[in-house]
Amino acid sequence: MAVKTTCPITHRQFKEHAKPIEVVINHGAPLHAAVKEFSTGSLGWYLNGKTTITIDGKPVSVQIGLNLTIAGSKDVAKEPAPAAPHAPMASGEPHA
């Protein structure tokens, strides 16, 4: 059975320190994959766009859909959200 990969960073580290990744396809202009937390909870980068690749001297338009997912990141626990401050009691309310 395959060994499960463990993600070595936290969600907070990813959110605070991950940067877009430069991607070059077929020696073209650099594209940038954006930092993303996927709906599955996994962490990584996402790129969607178009570029042109030449085949037999003819330019062909291609659609790009690229996900780079950090292995094991779906299983990394999210940090709890900060607690909301309590609203002050209105005067005349009984104290608990």
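Start with Ser42: leaving out residues up to four places away in sequence, Ser42 touches Lys36, Glu37, Thr69, Ser73 and Lys74. You'll find Ser42 in the loop between β2 and β3. Keep in mind that this is a predicted model.

- Is Ser42 buried or exposed? Ser42 has a relative accessible area of 9%, and since buried means under 20%, Ser42 counts as buried.
- Leu43 sits in strand β3, and with a relative accessible area of 0% Leu43 is buried too.
- Which residues does Leu43 meet, once neighbours within four places in sequence are set aside? They are His11, Phe14, Lys36, Glu37, Phe38, Leu68, Thr69, Ile70 and Ser73.
- Some names turn up for both residues: Lys36, Glu37, Thr69 and Ser73 are among the contacts of Ser42 and also among those of Leu43.
- Leu43 and Gly72 are 29 residues apart along the chain, and their C-alpha atoms are separated by 8.9 Å.

**The sheet**

- Some background first: strands of a sheet pair through backbone hydrogen bonds, and the pairing can be parallel or antiparallel.
- Here the four strands make an open sheet in the order β1-β2-β3-β4, and the pairing is antiparallel.
- Which strands stand at the edges? They are β1 (21-23) and β4 (58-69); each has a single partner strand, so one side of each has no neighbour in the sheet.
- From one strand to the next, the twist averages 25 degrees.

**Strand pairs up close**

- β2 (residues 31-37) and β3 (residues 43-55) run antiparallel to each other and pair over four bridges.
- How many bridges link β3 and β4? There are 12, again in the antiparallel sense.
- Take Gly49 as an example: its bridge partner in β4 is Ile64.
- The hairpin of β3 and β4 has two residues between the strands, and there Asp56 takes a positive phi near 55 degrees.

**Rings and a charge**

- The structure has one aromatic pair: Phe14 and Trp45, with 5.7 Å centre to centre and 70 degrees between the planes.
- Why call the pair edge-to-face? Planes over 60 degrees apart count as edge-to-face, and the angle between Phe14 and Trp45 is 70 degrees.
- Phe14 belongs to helix α1 (residues 11-17) and Trp45 to strand β3, so their pairing ties together parts that are 31 residues apart in sequence.
- Phe14 and Trp45 are both buried, and Phe14 is also one of the contacts of Leu43.
- Lys36 lies over the face of Tyr46, at 5.8 Å from the ring centre; Lys36 is also among the residues that touch Ser42.

**The whole chain in numbers**

- Of the 96 residues in the protein chain, 17% are buried.
- The accessible surface comes to about 7700 Å², and 58% of that belongs to carbon and sulfur atoms.
- Looking at contacts between residues at least 6 apart in sequence, 45% join residues at least 24 apart.

Key: Residues are numbered from 1 along each chain as its sequence is written. This is a predicted model: local features need pLDDT of at least 70, side-chain atom pairs count only at pLDDT 80 or more; totals for chains, interfaces and linings use all residues. Side-chain values use heavy atoms; hydrogens and water are left out. Buried means under 20% relative accessible area, exposed over 50%, partly exposed in between (1.4 Å probe, protein chains only). Contact means heavy atoms within 4.5 Å. Accessible areas come from the Shrake-Rupley method with a 1.4 Å probe; for residues, only the protein chains shown count as cover. Two strands pair if DSSP finds at least two bridges between them. Axes are lines fitted to C-alpha atoms, for helices over the stretch in contact, and angles run from 0 to 180 degrees between N-to-C directions. Rings of Phe, Tyr and Trp (its six-membered ring) pair if their centres lie within 6.5 Å; planes under 30 degrees apart count as stacked, over 60 as edge-to-face and the rest as tilted. A charge sits over a ring if NZ of Lys or CZ of Arg is within 6 Å of the ring centre and within 35 degrees of the ring normal.
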